[in-house]
Amino acid sequence: MRLTTKSRYGTRLILDIAIYGKEKPVPLSDVSSRQNISVKYLEQLTSKLKKAGIITSHRGPFGGHRLAKPPEDISIGSIVRILEESTAITDCAEQGKKVCGICNRAGECLSRWIWVEASRAMFDRLDQITISSLLEIKNKELKKE
């Protein structure tokens, strides 16, 4: 599976807010400058993340975004699920379907099990990685320098 920029940039957005949003809301223009992601694209991501309850928005001259949950309660798996259209690594591995209907072997393809299991394993691991655990890695690296 190739994750789209939605997941990669969304994770960077959340990490940036976690780092810089402890004292005050983080404007998207600041995130855009630090992460080199357009404000317009960040607005699309924040809309989905806000709707899902991951971040909150604050209007006004001192407005911006903050985490709506503690960093230890936000997993990378949840960010990917929110931002990607699908959580399967192949079209035929969509979880809710008995018969995928995608390829010419639909309904009799034993290899589909592999892709369903691989998708499940990937998300099991992504669910174990939290924003908090990534921040801990960053802090350890800073102490080494």
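This is a predicted model: local features need pLDDT of at least 70, side-chain atom pairs count only at pLDDT 80 or more; totals for chains, interfaces and linings use all residues.
The crossing of α1 and α4 is right-handed. Two packed helices are described by the angle between their axes together with the distance between those axes.

## Overall architecture

The protein chain holds 6 helices and 2 strands, and its elements, read from the N terminus, follow the order α-α-α-β-β-α-α-α. Of the 145 residues in the protein chain, 32% are buried.

## A positive phi in a loop

Asn 36 lies in the loop between α2 (28–35) and α3 (39–51), where its phi is positive, at about 55°, although the residue is not a glycine. Asn 36 counts as exposed because its relative accessibility is 71%, and the cut-off for that class is over 50%.

## A nonpolar surface patch

Trp 113, Ile 114 and Trp 115 together make a nonpolar surface patch of about 330 Å². Within this group, Trp 113 is found in helix α5, which spans residues 112–128, and Trp 113 is classed as exposed because its relative accessible area is 57%, against a cut-off of over 50% for that class.

Notes:
Residues are numbered from 1 along each chain as its sequence is written. Side-chain values use heavy atoms; hydrogens and water are left out. Patches are made of residues with over 30% relative accessible area and no salt bridge: like charges are joined within 9 Å, nonpolar side chains (Val, Leu, Ile, Met, Phe, Trp, Tyr) within 5 Å. Accessible areas come from the Shrake-Rupley method with a 1.4 Å probe; for residues, only the protein chains shown count as cover. A salt bridge is a side-chain nitrogen of Lys or Arg within 4 Å of a carboxyl oxygen of Asp or Glu. Helices (H or I, at least four residues) and strands (E, at least two) are DSSP runs, numbered from the N terminus. Buried means under 20% relative accessible area, exposed over 50%, partly exposed in between (1.4 Å probe, protein chains only). A crossing is left-handed if the near helix is turned anticlockwise from the far one by less than a right angle, and right-handed if clockwise.
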